[in-house]
Amino acid sequence: MSTETNPPKRVTTRTLQAMRDRGQAITMLTAYDFPTAKLLDEAGIDVLLVGDSLAMVVQGHDTTLPVTMDQMIYHAEMVGRASQRAMVVVDLPFPEGQIEITRSIEASARVLKETRCHAVKLEGGAEQAGRIEAIVTAGVPVMAHVGLRPQNIHVDGGYRLQRDTEKLVSDAKAAEEAGAFAVLIECVPASVATAITAAVKVPTIGIGAGRDVSGQVLVTHDIVGLTSGYTPKFTRQFADLGKGMRDAAKEYLEQVRSGGFPSDQESF
Ligand code: KIV
């Protein structure tokens, strides 16, 4: 008898659409490296996002703007290799989603060709419809990102709750019509997300958008207590790994200083 187990069935755009259609909540979290992606995949998270938030969370910048396409590819390759079941979506970092459409297509194609990941995420709605259509036509699934757009921070003058229901609904509809397989909605009143979700047939994934969406996404480092300083109102800390790491480092330090580590059993 073979002891090999079959790899789990991969989540695809079709899986997500079917989940949305039967009202089953979609779960999505960020991942930037192999061990984290493996743990989240094993936990059963449906979608892993290699977000450009890695500029802030991992690289320590104060906005998402500095991370480069090469750096996204470097992280995406680790996440793509670690994931067995989750669909992996990779952010197009600034300005790959703002400049010539051909460059966006090239950047998106690199994600599929070099990282084993499955889709890209692009900030913007109606004004990005042509770009979304071109990327999808080239064979790369696109998740649109409407509402608060972190790459637009300097135009918006900060990270602000987005309240314009009419504009946001038309952004989401334009993205859907252009071929986006899902729409991520960031930082809007719950009533706005409700209106968007009712207006489109593709899954909506909310962050700071209330409950009336097809799924939720958060930044993993926030939910496990690995970010320090400000965390947004919409996140929730489910564990305190920061404390666990600090305590482990202190214990190691004490053991090394007191001669308790390494023991005879830990030596050759
Ligand atoms: O970059 C990111 O992690 C994101 C999430 C905040 C949705 O876009």
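**Entry 1: ligand surroundings.** I looked up the residues around the ligand in this predicted model. The ligand is surrounded by Thr30, Leu49, Gly51, Asp52, Ser53, Asp91, Lys121, His145, Leu184 and Ile207. Sorting this shell by class, I recorded 3 nonpolar, 4 polar and 3 charged residues.

Entry 2: For serine 53, I noted a polar side-chain atom at 2.5 Å from a ligand oxygen. For aspartate 52, an N or O atom of the side chain lies 3.0 Å from an oxygen atom of the ligand. Aspartate 91 likewise has a side-chain N or O atom 3.0 Å from a ligand oxygen. On its own the ligand has 260 Å² of accessible area, and the protein covers 95% of that area.

**Entry 3: location of the ligand.** In which pocket does the ligand sit? I found the ligand in the largest pocket.

**Entry 4: domains.** I consulted the domain assignment of the protein chain, which gives domain 1 as 13–237 and domain 2 as 241–268. Between the C-alpha centres of domain 1 and domain 2, I recorded a distance of 39 Å.

**Entry 5: helix H1.** I turned next to helix H1, which spans residues 13–21. At the start of H1, a side-chain oxygen of threonine 12 comes to within 3.1 Å of the backbone nitrogen of arginine 14. Which residue takes a positive phi just after H1? I identified glycine 23, with a phi of about 75 degrees.

Technical notes:
Residues are numbered from 1 along each chain as its sequence is written. This is a predicted model: local features need pLDDT of at least 70, side-chain atom pairs count only at pLDDT 80 or more; totals for chains, interfaces and linings use all residues. Side-chain values use heavy atoms; hydrogens and water are left out. A residue is near a molecule or strand if one of its heavy atoms lies within 4 Å of it. A polar contact is a pair of N or O atoms within 3.5 Å; within protein, one must be able to donate a hydrogen and the other to accept it, and residues adjacent in sequence count only if both atoms are side-chain atoms. Accessible areas come from the Shrake-Rupley method with a 1.4 Å probe; for residues, only the protein chains shown count as cover. On a 1 Å grid over the protein atoms alone, a cavity is a set of points where a 1.4 Å probe fits but cannot get out, and a pocket is an open set with protein on both sides within 12 Å along at least five of seven lines; lining residues have an atom within 4 Å of a point. A molecule sits in a cavity or pocket if more than half of its atoms lie within 2 Å of its grid points. Ala, Val, Leu, Ile, Met, Phe, Trp, Tyr, Cys and Pro count as nonpolar, Asp, Glu, Lys and Arg as charged, and the others, Gly among them, as polar. Domain bounds come from an automatic or database domain assignment. Helices (H or I, at least four residues) and strands (E, at least two) are DSSP runs, numbered from the N terminus.
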